[in-house]
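Hello,

Here is the structure for your files.

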Amino acid sequence: MLPALNEPGYYALKVSGRALTLAVAPREGSASGLPGEARIWGPAVQIGALRAEGSHPFGTFRELAEAVDAFAAQGADVIAINPVHALFAGVGEGFSPYSPSSRLCFNGALGDPALLGLPLLPQDASDGEFGSELGAGSEGSLIDWEAALPRRLVQLRAYFSALDEKTRARISRDNARHGEKLVRQALYDALDVHFRSQGLEGWQVWPEEFRDPGSAAVAAFALEHDDEIAFHLFTQWLARESLAAVQARARAGGMAVGLLADLAVGVHTQGADAWSMGDSLLQGLTIGAPPDPMGPLGQNWMLTSFSPQGLARSGYAPWIETIRAALRTSGALRVDHAFGLARLWVVPGGKPSSEGAYLAYPFADLVRILALEAHLAGALIVAEDLGTMPQGFGPAIAARGILGMRVLWFERSGDGGFLGASQYDAAAVAMTGTHDTATIAGWWSGRDLDWAEKLGRLPEGLSRQEAEERRDRERNLLWTALTHDAGPPPPADEPEAVVEAALRHIGRTPCALAVAPLEDLLAAREQPNLPGTVTEHPNWRRRLSAPLPALLAEPATARRLQALNEARRQS
């Protein structure tokens with residue numbers, strides 16, 4: 001008879017001569033990774049947007065380390081970051097952090113040797129040919145990823161070629177602890193670079209003998225290109241160890257949690273995971289969203305994700321590996337589109353999203369494993385639970401100590417008014433917004449309406465004037481909720497007082513954690529991403545106007561930070 005197992009963990013069993021692994025999840029969760037009853041706060045930052053003196057043309061983990069130092073000094077206990085999954089090596093077009101090649105490895109362009117005690121990479125100065133707004137150098141207000149990422153790969157190659165044998169041995173020793181997935185990633189990157197130079201983009205169009213990671217042709221390629229594979233192993237090492245150094249710096253600086261990583265909902269169909277994971281992933285299907293009033297044609301994200309049957313056959317090994325990959329370098333994890341743990345909208349190849357269907361997932365098992373891995377890592381888990389919630393989802397994640405998300409814009413009463421701070425769910429993260437929503441200043445000033453009008457995205461039958469009239473009514477509702485009728489609201493072109501009030505509002509909530517996008521802390525009017533656009537809006541391209549410490553020291557920003565900090569302490 002199997003004895004009672006009271007300690008959560010994984011147990012090796014042998015039943016009738018068959019080896020099994022038993023996963024024992026915590027019976028109940030309690031928001032792991034949070035310091036007792038404290039109400040903590042932190043910013044959400046887009047790493048690429050960060051800037052430092054003599055900076056790269058985009059923010060890297062060096063700039064993230066400086067952000068950690070700056071916010072730790074302000075009293076923050078967490079810093080939420082965008083996904084840092086592996087993209088396609090040196091490819092400038094595929095720069096969305098939510099469309100990764102692999103969720104098991106890291107974006108090699110973000111690593112920085114100085115964080116590991118190695119000589120600096122040479123600076124990548126602008127040559128001026130890209131203009132003052134969009135530039136490959138460090139001065140542009142928008143990031144020219146198309147130029148900057150290929151240049152970064154060249155820069156890293158030169159750095160790798162100059163490494164001494166002692167450093168290369170150190171890299172090999174460190175990488176040896178991370179298993180076969182790391183070698184697969186480096187091998188894929190080497191193949192992808194090789195075949196892209198021939199105009200073959202995506203493993204599905206490579207010569208057939210290279211589409212199977214276990215083929216003799218792939219093995220022969222690895223032997224013939226061992227130094228190229230060593231280079232890609234180096235970029236993974238550099239990114240992974242740099243990010244781990246940032247997390248260590250956050251904890252040493254007094255942050256209770258440190259980095260709150262972000263797990264994308266899926267992976268690119270042409271990427272490393274799709275190539276190497278086989279039938280653990282969906283075949284011939286992509287994931288997206290069904291038609292709804294906001295998107296009558298539905299959405300196809302052109303990503304793939306785990307196969308329910310593949311997960312069962314593998315004993316959930318890919319899911320466990322994916323969680324661990326994120327938690328090795330962070331103190332918390334946000335699961336993007338967490339409803340995908342229960343169901344995903346899948347679309348057959350070549351069909352419109354409207355012809356998709358929901359595919360059910362083993363929700364109970366996936367959540368148990370997520371809670372178990374969080375328990376073992378001492379980590380906090382946040383589930384993006386925005387939208388139409390599957391039945392039973394909320395109570396299930398709450399029972400496991402997983403925090404939901406309560407975003408200001410969506411916390412409404414039945415009559416359309418905004419909820420008071422005391423009405424927020426304690427077992428959640430209170431937020432002024434996300435990377436996909438308008439900033440406070442942008443919403444108040446109508447910048448989001450400017451974009452909607454420019455791109456023809458105003459609701460059908462609604463004129464700009466009618467949209468402005470509706471916004472005026474909503475401004476009154478928001479100001480009343482934020483200030484409890486403290487006089488008339490400020491004019492639309494003066495959003496600063498509203499931003500400060502919104503920060504105090506989420507700070508006063510009983511939520512365990514309050515997160516404000518950096519754009520709101522800076523009272524910026526532009527948002528990082530506009531859902532439903534690709535090139536029409538400069539998604540993921542915006543940069544800060546100056547190094548972060550200088551921006552945080554500005555009197556208006558300092559007042560906003562103080563407002564949030566005080567509200568958290570008072571709550």
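At what angle do helix α3 and helix α6 pack, and how far apart are their axes? Helix α3 (residues 165–176) and helix α6 (residues 226–252) pack at about 75 degrees, with axes 10 Å apart.

First, the basis. This is a predicted model, in which local features need pLDDT of at least 70 and side-chain atom pairs count only at pLDDT 80 or more, while totals for chains, interfaces and linings use all residues. Residues are numbered from 1 along each chain as its sequence is written, and side-chain values use heavy atoms, with hydrogens and water left out.

Helix packing

Helices (H or I, at least four residues) and strands (E, at least two) are DSSP runs, numbered from the N terminus. Axes are lines fitted to C-alpha atoms, for helices over the stretch in contact, and angles run from 0 to 180 degrees between N-to-C directions. Angles under 35 degrees count as roughly parallel, over 145 as roughly antiparallel, 65 to 115 as roughly perpendicular and the rest as oblique.

α3 and α6 are therefore roughly perpendicular to each other. On the α3 side the contact (heavy atoms within 4.5 Å) is made by Arg-168, Arg-170, Ile-171, Asp-174 and Asn-175, and on the α6 side by Asp-227, Leu-233, Phe-234, Trp-237 and Arg-240. Of these residues, four are nonpolar, one is polar and five are charged. In this scheme Ala, Val, Leu, Ile, Met, Phe, Trp, Tyr, Cys and Pro count as nonpolar, Asp, Glu, Lys and Arg as charged, and the others, Gly among them, as polar.

α6 also meets helix α1 (residues 61–73): their axes come within 9 Å and cross at roughly 5 degrees. That makes α1 roughly parallel to α6. Phe-61, Leu-64, Ala-65, Val-68 and Asp-69 of α1 touch Ala-239, Ser-242, Leu-243, Val-246, Arg-249 and Ala-250 of α6. By class, this contact has eight nonpolar, one polar and two charged residues.

Helix α14 (residues 464–483) and helix α15 (residues 496–508) have axes that come within 9 Å and cross at roughly 50 degrees. The two are therefore oblique to each other. Their contact has eight nonpolar, two polar and one charged residues.

On a 1 Å grid over the protein atoms alone, a cavity is a set of points where a 1.4 Å probe fits but cannot get out, and a pocket is an open set with protein on both sides within 12 Å along at least five of seven lines; lining residues have an atom within 4 Å of a point. Grid points are joined across faces, edges and corners, and a volume is the space filled by probe spheres set on the points.

There are nine cavities of 30 Å³ or more. The largest cavity holds about 250 Å³. Its lining has 21 residues, with Ala-44, Ala-80, Arg-334, Met-431 and His-435 nearest the centre. β9 (258–263) is one of the strands that supply at least two lining residues, and β9 gives the most, with three.

The second largest pocket has about 610 Å³ of space. Among its 35 lining residues, Ala-49, Glu-519, Arg-542, Arg-543 and Leu-544 are closest to the centre.

Regards
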